[in-house]
Amino acid sequence: MEIRRHDRAASVWAKMCFLASLTDSPVSIEHACVICGEVLDAAGVGLALIGGGGLAEPVFATDERSRELEDLQFTLGEGPAVEVVRGGMLLVVTDMTSSEASLRWPIFTPEAIDRSVKSIIAVPIQAGAIKVGVVDCYREFAGAPSRESRAQALVCAAAVIALAEADAGGPGLAGMIDRAFTGRRDRVHQAAGMVSVQLGIGLADALARLRAHAYANDRKLDEVAMDVVLRRVTLRPGP
């Protein structure tokens, strides 16, 4: 078993090293996320890190569809990354058109289906008992990955931690964060703070109010946040 585990890790790291060599760059957390998607036959990958208040906050995506789905989870407060943050276990949804998926994420699921996502595997990134983030792997076909594919994906998640720790003097996780994501996320936190003060409610409730307003008006959370920050929108007390 130990030999098999060692061989698996060696195989995954070899794939990351090869990917890095294509651009003559050192192995990075981005490479670990891309290979995680590759071993699970995903068409796209998104990375969310756990930020303030335990929220899964998007920081990186390999393509526009994954970027949209990561943003959507942050707007709605539901989806694979949100669920994995709560439970801490690898999550496999084999068929997004199933009633189980619709019950699980009633708003996120149809949006994923509209973007031709047929199944999702969400891989937890953990350092011991400490939850760090989630790699969301979006697939264009239904079905479950093999046990070996899941095991390799968990090696990729462990590599994220190892690379961040090994790069203590460098950018680490922060070095690969997509500023397009984080700029919008910062606005959301600023707006939630403003709503919290205006309505005399906690930050979690303020964020829930922002999300409800965004969903009710068919807008992105960061767009509503910008309007709140610029005082173009003021949320009122009450439902």
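Contact here means heavy atoms within 4.5 Å. The model is predicted.

**Exercise 1. Describe how helix H9 packs against helix H10.**

Solution. 
- Start with the two quantities. Two packed helices are described by the angle between their axes and the distance between the axes.
- Locate the helices. H9 covers residues 203-216 and H10 covers residues 221-229.
- Read the geometry. The angle is about 110°, and the axes lie 9 Å apart.
- Classify it. Angles of 65 to 115 degrees count as roughly perpendicular, so H9 is roughly perpendicular to H10.
- H9 and H10 cross in a right-handed sense.
- List the residues. H9 brings Leu207, Leu210, Arg211, His213 and Ala214; these meet Leu221, Val224 and Val228 of H10.
- Sort them. Six are nonpolar, one is polar and one is charged.

**Exercise 2. Decide why helix H2 counts as largely enclosed by the rest of the structure.**

Solution. 
- Set the cut-off. Buried means under 20% relative accessible area.
- Name the residues that pass. In H2 they are Ile29, His31, Ala32, Cys33, Ile35, Cys36, Gly37 and Val39.
- Conclude. Eight of the eleven residues in H2 (29-39) are buried, so the rest of the structure largely encloses this helix.
- Across the chain of 239 residues, 46% are buried.

**Exercise 3. Identify what flanks H2 at its N-terminal end and what follows the helix.**

Solution. 
- Take the N-terminal end. Serine 28 is the cap: one of its side-chain oxygens lies 3.3 Å from the backbone nitrogen of glutamate 30.
- Aspartate 41 follows H2 and has a positive phi, near 60°.

Notes: Residues are numbered from 1 along each chain as its sequence is written. This is a predicted model: local features need pLDDT of at least 70, side-chain atom pairs count only at pLDDT 80 or more; totals for chains, interfaces and linings use all residues. Side-chain values use heavy atoms; hydrogens and water are left out. Buried means under 20% relative accessible area, exposed over 50%, partly exposed in between (1.4 Å probe, protein chains only). Helices (H or I, at least four residues) and strands (E, at least two) are DSSP runs, numbered from the N terminus. A polar contact is a pair of N or O atoms within 3.5 Å; within protein, one must be able to donate a hydrogen and the other to accept it, and residues adjacent in sequence count only if both atoms are side-chain atoms. Axes are lines fitted to C-alpha atoms, for helices over the stretch in contact, and angles run from 0 to 180 degrees between N-to-C directions. Angles under 35 degrees count as roughly parallel, over 145 as roughly antiparallel, 65 to 115 as roughly perpendicular and the rest as oblique. A crossing is left-handed if the near helix is turned anticlockwise from the far one by less than a right angle, and right-handed if clockwise. Ala, Val, Leu, Ile, Met, Phe, Trp, Tyr, Cys and Pro count as nonpolar, Asp, Glu, Lys and Arg as charged, and the others, Gly among them, as polar.
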